[in-house]
Amino acid sequence: MSNRHIGTYKALTYGNHDTLHILNEIANALFNIGFPLERWKKDLDVSLLKKSNNIRPSELRTIGTLEADFNQMASLHFSNRMMATGIKTLSIPSSQYAKKGNRSIEAAIVKILYFDYLRTNKINGAFLAMDLENCFDRMAHPVSSLCTQRLGVPSQITQCMIRTLCQMKHFIRTAYGNSKWSYIGTKNKPLQGAVQGNGAASPIFVAISCTILAYLERQVVGINAYSAVTLTLFTLVAILYVDDSDILIAAVEKDETAHSVSRRAQKAATAYQNGVHQTGGAVRPEKCRWYSISFKWIAGEWKYDNNPNINKVYIQNSNGNDKEIERLKVNKG
């Protein structure tokens with residue numbers, strides 16, 4: 001909104017660095033005392049298509065274009081320093097793959113190995129793919145502050161970020177240009193979330209997801225497996241990549257029935273929903289899916305049993321209404 005393009009700051013890296021040094025010191029000082037510049041409190045929202053020709057407002061992705069120097073400091077403190085501290089102190093669990101040193105493909109491989117484990121041992125299981133509704137826009141600020149401080153962000157830095165987001169005026173860009181009016185939260189009802197496009201948004205959600213995962217692990221038994229040689233116990237409840245969460249459940253006993261596993265799947269879905277709700281988020285039932293994985297034997301050959309009488313799994317939407325999660329069939333590959 002200030003017309004200070006990112007190219008402005010790039011140009012300052014050439015030649016005399018005095019101006020760049022002064023700007024950097026100003027931004028650094030403001031973050032350290034917890035008070036933002038007034039121009040940082042202005043955001044220009046741009047809505048982009050997620051899918052071709054789908055222009056429904058609910059299907060658009062709104063990106064906030066923030067001030068470049070603010071966004072740079074946000075990335076430095078949250079994406080760089082906070083994430084590095086979380087990895088160093090092992091505060092970010094191994095099942096959250098959205099961190100340096102991990103690749104998204106590794107999360108997919110773990111899920112493939114989970115299905116291989118069930119198929120090899122012929123034990124029942126359940127797999128739930130959970131999807132959140134506008135996760136970056138629904139993160140509650142008190143929770144965001146506590147979770148990021150848990151990973152080492154100084155309180156003044158967090159205060160500067162939250163104060164900027166609470167007092168931010170949002171302008172809108174359309175095909176007709178930029179709006180002259182803006183919308184803003186009130187003192188009693190401040191806007192929540194971190195604005196998609198903010199360099200701190202994704203790291204903040206990763207910090208929150210660590211707490212949600214810790215809560216889920218205390219409520220749900222996922223999969224317990226022993227290594228073949230050392231008999232080391234391996235436990236796992238969910239695989240996460242930022243907000244994409246897959247819950248993995250396996251029978252705790254060889255003879256645990258598919259009905260029993262499906263009841264545990266319902267408990268896991270409810271626990272996950274409760275954890276997300278406490279952070280300001282909401283689950284999107286229409287985008288969630290689940291598998292009931294069980295086996296049957298016909299003429300000495302095993303097949304997946306897509307029993308239609310297995311218990312259904314429900315979850316609440318953002319309005320508090322129970323919605324059935326679509327169950328997908330498992331096919332032998």
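Buried means under 20% relative accessible area. The views below are taken from a predicted model.

View 1. Arginine 264 has a relative accessibility of 16% and so counts as buried. Beyond its neighbours within four places in sequence, arginine 264 contacts Val221, Gly222, Ile249, Ala250, Ala251, Val252 and Glu256.

View 2. Aspartate 116 is partly exposed at 25% relative accessible area, and arginine 119 is partly exposed at 29%.

**View 3. The salt bridge of glutamate 326 with arginine 289.** The closest N and O atoms are 3.0 Å apart. Glutamate 326 is in strand 15 (residues 326–328) and arginine 289 in strand 10 (residues 289–293), so the pair ties together parts 37 residues apart in sequence. Glutamate 326 is partly exposed, at 41% relative accessibility; arginine 289 is also partly exposed, at 28%.

**View 4. The salt bridge between glutamate 324 and lysine 312.** The side chains meet at 3.9 Å, N to O. Glutamate 324 lies in strand 14 (residues 322–324), and lysine 312 in the loop between strand 12 (301–304) and strand 13 (314–316); the pair links distant parts of the chain, 12 residues apart. Glutamate 324 is partly exposed at 41% relative accessible area, and lysine 312 is partly exposed at 49% relative accessibility.

**View 5. A network of salt bridges.** Arg39, Glu67 and Asp69 are linked in this network. The whole structure contains 11 salt bridges.

Key: Residues are numbered from 1 along each chain as its sequence is written. This is a predicted model: local features need pLDDT of at least 70, side-chain atom pairs count only at pLDDT 80 or more; totals for chains, interfaces and linings use all residues. Side-chain values use heavy atoms; hydrogens and water are left out. Buried means under 20% relative accessible area, exposed over 50%, partly exposed in between (1.4 Å probe, protein chains only). Contact means heavy atoms within 4.5 Å. A salt bridge is a side-chain nitrogen of Lys or Arg within 4 Å of a carboxyl oxygen of Asp or Glu. Helices (H or I, at least four residues) and strands (E, at least two) are DSSP runs, numbered from the N terminus.
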